Amino acid sequence: MAEFLAMGGYAWYVWPAYGVTAIVLIANLLLPLRHRRHLLRQLRTIARQRTHNGRP
Amino acid sequence: MSESQTDDSLSSARRGPWRAAFHRLGSPPFFYRLSGRLLPWFGILCALAFAAGLYGGLVLAPTDYQQGESYRIIYIHVPAAWMSMFVYMVLAITGGIGLIWRMKLAEVVARASAPIGASYTFLALLTGSLWGKPMWGTWWVWDARLTSELILLFLYLGYMALQAAIDDRRTAARAGAVLALVGVINLPIIHYSVEWWSTLHQGPTVTKFDQPSIALSMLVPLLLMALAFKLHYVVSLLARVRGEILDSERRAAWVEKLLVES
């Protein structure tokens, strides 16, 4: 395992490359999901306010 | 509004089933529902491809006789670089479709693709730099391959800045499409740069299909990672497009219905 992590002495190049890639790829999936959830909540609040105000 | 819709579906039905299917796919509520159903499946496939590709690339593939273990950066560098160009093609083509046929969904796909493509380009540059330092002794050189890939990043960022600067989405889509189409000239420059100019960057290893200069045990994980990146693009694109559709259709009747139902 230690040998695997050492990457033949290139650990400081290989793992940062994989680490940043993982962060960027995961952020690309999470941000749009969060944005949509946020938007749905916002639209629902607007719709509720409109029914309270008695407008269709 | 409803009149023109009936007109549309009538004329498209008359023009044949393919045309009708195309029109249906282009309708925001239909695409929203379809993509919602497909998204989890693409997500599972994507995770599987990443698991297999990473295991093959980091564990099973042998050490390179020249570059040692540092070559393992190839499993993210090359797929990211391929996708940086592929997504740009999608951006230009969907931009063109939006420009010519005013197809709303194509405009949305173009708009949603830009940040994803920009992040692949960023990753290609970053991982290339982290690979270049131990192999070439430098993080960066101003040679043709690296410079044209950097220009690709600026094209993406310029496109995104343009989208953010123009409030009307449809105007923004048209302006962006022109920029994207002009920028297509950069793609062949990136691809052939290693042949046209002398460079530190190594030549093509995989796309010489007659005789790829890479061992099969190294090639298979690379292709798996390329598949994983492509699926990642599909998943993040669908997720982004759903948000964009919801946002731009917020006053439409089907969105109101959706809000009541869920």
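1. A definition comes before anything else: the helices listed below are DSSP runs of H or I with at least four residues, strands are runs of E with at least two, and both are numbered from the N terminus. The model is a predicted one. With that settled, chain B has ten helices and zero strands, and from the N terminus its elements read α-α-α-α-α-α-α-α-α-α.

2. Overall form of chain B. The C-alpha trace spans about 70 × 35 × 35 Å along its principal axes. Of its 262 residues, 35% count as buried. Among contacts in chain B with a separation of 6 or more, 75% are between residues 24 or more positions apart.

3. The contact between the chains. Chain A contributes 22 residues and chain B contributes 29 residues. On the side of chain A that touches chain B, 16 residues are nonpolar, four are polar and two are charged.

4. H2(A) against H9(B). Helix H2 of chain A (residues 11-52) packs on helix H9 of chain B (residues 216-248) at an angle of about 20 degrees, and the axes are 9 Å apart. Because angles under 35 degrees count as roughly parallel, H2(A) is roughly parallel to H9(B). Their crossing is left-handed. From H2(A) the contact takes Leu25(A), Asn28(A), Leu29(A), Pro32(A), Leu33(A), His35(A), Arg36(A) and Leu39(A). The H9(B) side includes His232(B), Val235(B), Ser236(B), Ala239(B) and Leu246(B). By class, the residues of this helix pair are eight nonpolar, five polar and four charged.

5. Leu246(B). This residue lies in helix H9 of chain B. Is Leu246(B) buried or exposed? It counts as buried, because it has 20 C-beta neighbours inside 10 Å. Apart from residues up to four places away in sequence, Leu246(B) touches Arg36(A), Leu39(A) and Val255(B). Leu157(B) is 89 residues from Leu246(B) along the chain, and their C-alpha atoms are separated by 24 Å.

6. The largest nonpolar core. This core has 64 residues, and those that touch the most other members are Ile73(B), Ile76(B), Ala80(B), Val87(B), Leu91(B) and Met225(B). At least two residues each come from H2 of chain A and from H3 (28-60), H4 (74-101), H5 (104-136), H6 (144-165), H7 (169-183) and H9 of chain B. Which helix gives the most to this core? H9(B) does, with 15 residues. As for Met225(B), leaving aside neighbours within four places in sequence, its contacts are Gly53(B), Gly57(B), Tyr75(B), Ile76(B) and Pro79(B).

7. H5(B) against H9(B). These two helices pack at an angle of about 125 degrees, with 9 Å between their axes. That angle makes H5(B) oblique to H9(B), and the crossing is right-handed. On H5(B) the residues are Val108(B), Val109(B), Arg111(B), Ala112(B), Ser113(B) and Ile116(B). They meet Tyr233(B), Ser236(B), Leu237(B), Arg240(B), Val241(B), Glu244(B) and Ile245(B) of H9(B). The contact divides into eight nonpolar, two polar and three charged residues. Ser236(B) and Arg240(B) are also listed in the contact of H9(B) with H2(A).

8. H6(B) against H7(B). Here the angle is about 165 degrees and the axes are 9 Å apart. The two helices are therefore roughly antiparallel to each other, with a right-handed crossing. H6(B) supplies Leu155(B), Gly158(B), Tyr159(B), Leu162(B) and Gln163(B), and H7(B) supplies Ala172(B), Ala175(B), Gly176(B), Leu179(B), Ala180(B) and Gly183(B). Seven of these residues are nonpolar, four are polar and no charged residue takes part.

9. Two backbone angles to look at. Most residues other than glycine have a negative phi. Met7(A) is not a glycine, yet has a positive phi of about 50 degrees; it sits in the loop between helix H1 (2-6) and H2 of chain A. Met7(A) is buried, with 20 other C-beta atoms within 10 Å. Arg102(B) also has a positive phi, near 55 degrees, and is placed in the loop between H4 and H5 of chain B. Arg102(B) is exposed, because 12 other C-beta atoms lie within 10 Å.

Conventions:
Residues numbered from 1 in each chain as written. Chains lettered and ligands numbered in written order. Predicted model: local features only at pLDDT ≥ 70, side-chain atom pairs only at ≥ 80, totals over all residues. Contact = placed C-beta atoms within 7 Å. Nonpolar A, V, L, I, M, F, W, Y, C, P; charged D, E, K, R; others polar. Axes fitted to C-alpha atoms, helices over the stretch in contact; angles between N-to-C directions. Parallel < 35°, antiparallel > 145°, perpendicular 65-115°, else oblique. Left-handed = near helix turned anticlockwise from the far one by under 90°. Core = buried A, V, L, I, M, F, W, Y, C linked by C-beta atoms within 7 Å.
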